[in-house]
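Please look through the structure shown below before reading on. The report that follows moves from the contacts between chains to a few local features.

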Amino acid sequence: MLEARELIKEFGDLRATDDVSLTFGKEDGEMTFIVGPNGAGKTTLINLLTGLLEPDEGSVIIHEKSENGTTERDITDMDPEQRVKTGLVRSFQVVHVFEEMTVRENIRTASLSNHGLTRSFWSLSDEHEEVENDVDELIEQFRLEDVAGDVAETLPHGDRKLLDVAMSFALDPRYLLLDEPTSGVGAREKEYVIETVVEASKSQNVTTVTIEHDMDIVREYADRMVALVRGEVFREGDPSLLDTDDELRRTLLGVTPDE
Amino acid sequence: MIELPLFIDLGDAAVHTLNGIFRGSILFMIASGLTIIFGVLGVLNLAHGEFYGIGAFLLTSIATFFVVRIAAPTDPLSTAIFAAAIVIAVLLSAAILIPIAGAIEATVIRPIYDRAEMYQLLLTYALLLILVDTIRIIWGSQPVRPAAVDGQQIHAALDVIPMEELFGFQYSSVRIFTIFIGIGTFLFLLWFFDRTKTGRIIRATAIDREAATAIGVSSDRVFTLVFALGGFFAGFSGALYSVSAIPATAEMGGTALVLSFVVIVIGGLGSIRGSFVGAILVGVVWSWAIAEYPPAEIAAPFALMILVLLVRPEGLYGAWGEIE
Amino acid sequence: MSNEDQSEEKETIRLMKGLHLTKPQLALALVGLVVVLLVPEIEGFFDNLQLDTFHNGILWGMAALGLALLLNKTELVSFGHAAFFGGGAYGGAMLVNFVGVDSGLLILFAAVFFSTAMAFAIGWFVADYVAIYFALLTLAFGQLLYAIAIGSPTLGQDEGLRLRSGGEASGDPPSLFGIEFTLQQQGEYRLVLYYFTILLLIASMIVMYRIMKSPFGSALEAIGQNRTRARFIGIPVERYVWGAFTISGFYGGIAGGLYGLRQLSIGPEGTLYVFVSGEILFMAILGGFQTIIGPIIGGIVLTFLLDNVRFLTEHFELIIGILLLLVVFVLPKGIWGSSEDIKNGLMTRVKNPAQLGADVGTLQKMLINAVRNAITTIKIILFGVK
């Protein structure tokens, strides 16, 4: 279970997150979607959780199940790369891949890191069987077979998004934080991208936290929904709130109910 | 053996410090150009020190031209005329660098803005080599000074401030003027970038090239202007340095370049204030090292740089990358 | 990786794990090796081919090879690599002068140790920085070492140090593999050192090849292409850059140590000055920093030019500068890196000599455009915009 405890982050006068406390993955594999208007602090929250930003106050905690109940582990001061090793993995809204590598090399590099092999300077990158198996599997799972040998920067946008997420999956995530996995993807490809991502998460029982603007996607796939407004948690609960809670609808969609 | 004096004569201390501020003023005029060019164009110009060198050599030629034609200063009037001639020589030397720098930017630097840093560095390094040899071809490999006036150096002929009577120690008036010019340049640049339209346009271009183009600013022209401006100030400082009776050498550009880097790292890349504070610090440390422990002459500024980096990795005015 | 595809298409010979060559490549490599080994024998037949130049070229090339790891993988430009070349040379020389050691191997060991330690220390400072800041800081640190060497009476200031016994001008060269050499046997000494250099060259090329193809190499490449993403796939970015920088310094140390042994007398101007750093960078790019052989070729070619142009004209820096401009604009991938393009270009021109005329035309157009551009710009600056 991943917990944000009373997180506060300020940029100048602006409170990007204002005392946000949330827990994700009370049950393994829970899919939480974060919604909210622009500037609500959604990306800041993910940045705080994954260590791209340091909070001004509050902490990030991982609850680990062990034989004698659960133990708390405070990861607030951990570097991003250390957090990755605890299974806390993210993707970016703007695609972050290694542009001059092929799709295969991209995923392979992530997988080498996951297997703790990047310190090896005498073996060959492509000779590790366990890595190659993982890479093959991910390429298949994310349906990147046709472009596996292509250089990342030449890929169509949807494939780049998938590659970004595939690299995250190469790290064997327990908590996967996805910052708008469908942003910039055309309407037709959107469904395909999100379905692939959801499928992969379900099959590996990964707890996901996804920022999403498309409410249809949230309704269809969310186990739970969190609405952030002006840096605060505005609503938290079942995605059906999107249809039943008028105040939430007003804030999110600018829809005024009939008066 | 190293002999550190137990106590230092106050007059000596003042001279060392003034020398430091003098060197700092010279350095500031070079480093500020370098930092502005980087801030706007995104290119670290390794050939920048050569503009300073060319300025110094130009002055030796132009000043010599005047010196042999103008009466030596004997009374207040002839001193004023002589001083005016030297001021014109300095300005002329610096002005000649405007077309030189502008032409260099337009021909060889403009095509490489989108290339990787290593090519940008390599290209400006190539320019450095070419300019160093050009200097040697024109002025020879030996150190050059402006012609003497009545058997004394220009700066001695212009010692008009009675330092001995006023403060009790000798100090070159030309150097005092240079210090004031350095401070003046600093204030001018602050005013220019903060208050003038052109300055604001340059800053806008530095922050967002495309947006500036969209509102009708020709980024090509801004870049050439900035590069030429940098060349002007570097040449200006070279000329001033040369007036102070320090012989111009083909190697002076390289030394100045490296010290400018130290200044920039200390001050924070892109910061004009940082350049000024850094330059004065480096100048003073450097001068004291020369006076008190000469073997550390070259190493002292670097030691200062490492010290600053340990405390503030982004430099004193860490504005890295943006003009401020 | 492109090699994988080729290995499926063409028949290759496996030299070692991960190193496959086609038959023509292998033949070329063997010919190259034979030529390199024969240089001492054939130097007398050609006026311009001196063993000294060739040997030094290889050594500079080894330093450039170390730099190529940073350029190629992490995409960081170190403009202070003379620190490690010179650091190696001085490290060895200090052992001779202050400890009185005369074993060449120990001297080389000290050289490598010293420069690696130096790279370790400087790397700690610079690993956090990227792009131009990295270049700026490495340059400044390189100059710091130069400043120390030229300022310190212990290190001989601008005279430098000798690696002969007792640090004397007439001292014997160090011993190699237990063989003592007298002053008169300097020729033999250099020959032994040359073959030893070739051995180390081949070893260091193989090691560099493996590093570049290893998971560590992939991680460095990832860092070069996207630091943030590299961090978020769990790569400790700064530590790896630090590691690569240290390896790079290690290469500089071997090269500099051997250079000291070869020259038997070293000074700050020739090993530590900022221009030396520039030359090492130039060599890596001139030969092609994306290959293993490129930097070595770059080293040999530039050293050859520097040594020979110096005799032709006083103004060799001008010639080198113009050459550099050409490399930046015409051959950005370097001699070896563009060998395919060069070959194809030559073939077209052999088949169709008229192409040459067109080339001259293009060149003319480029020059005219550049000049016109410059004139317009100067007009604008001097007389304002009309």
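How many residues does the contact take from chain A, and how many from chain C? In this predicted model, the contact draws on 27 residues from chain A and on 23 residues from chain C. On the side of chain A that touches chain C, the elements that give two or more residues are helix 2 (80-85) and helix 3 (103-114) of chain A, and helix 3 of chain A provides the largest share, five residues. Sorted by class, the side of chain A that touches chain C holds 13 nonpolar, eight polar and six charged residues.

The other chain pairs complete this picture. Two pairs of chains are in contact, and of these chains B and C share the most contacts. Chain A and chain B, by contrast, are joined by no contact, and their closest C-alpha atoms are 14 Å apart.

Within chain A, two residues deserve a careful look at their backbone angles. Most residues other than glycine have a negative phi. A:Asp172, although it is not a glycine, has a positive phi of about 50 degrees, and A:Asn205, which is not a glycine either, has a positive phi of about 55 degrees. The table sets out where each of them is placed.

| Residue | Phi | Loop of chain A |
|---|---|---|
| A:Asp172 | about 50 degrees | between helix 5 (157-169) and strand 7 (175-179) |
| A:Asn205 | about 55 degrees | between helix 6 (187-204) and strand 8 (207-211) |

Are these residues buried, partly exposed or exposed? A:Asp172 counts as partly exposed because it has 15 C-beta neighbours inside 10 Å, whereas A:Asn205 is exposed, with 12 other C-beta atoms within 10 Å.

B:Gln170 counts as exposed because it has 10 C-beta neighbours inside 10 Å. Although B:Gln170 and B:Val15 are 155 residues apart in sequence, they are 8.1 Å apart in space, C-alpha to C-alpha.

How do two helices of chain B pack, and at what angle? Helix 8 (residues 197-207) and helix 10 (residues 219-243) of chain B pack at an angle of about 110 degrees, with their axes 10 Å apart, which means that helix 8 of chain B is roughly perpendicular to helix 10 of chain B. The crossing of these two helices of chain B is left-handed. Helix 8 of chain B contributes B:Ile201, B:Ile202 and B:Thr205 to the contact, while helix 10 of chain B contributes B:Ser219, B:Val222 and B:Val226. The residues of this contact divide into four nonpolar, two polar and no charged.

Conventions:
Residues numbered from 1 in each chain as written. Chains lettered and ligands numbered in written order. Predicted model: local features only at pLDDT ≥ 70, side-chain atom pairs only at ≥ 80, totals over all residues. Contact = placed C-beta atoms within 7 Å. Helix = DSSP H or I, 4+ residues; strand = E, 2+ residues; numbered from the N terminus. Nonpolar A, V, L, I, M, F, W, Y, C, P; charged D, E, K, R; others polar. Buried ≥ 20, exposed ≤ 12 C-beta atoms within 10 Å, placed from the backbone. Axes fitted to C-alpha atoms, helices over the stretch in contact; angles between N-to-C directions. Parallel < 35°, antiparallel > 145°, perpendicular 65-115°, else oblique. Left-handed = near helix turned anticlockwise from the far one by under 90°.
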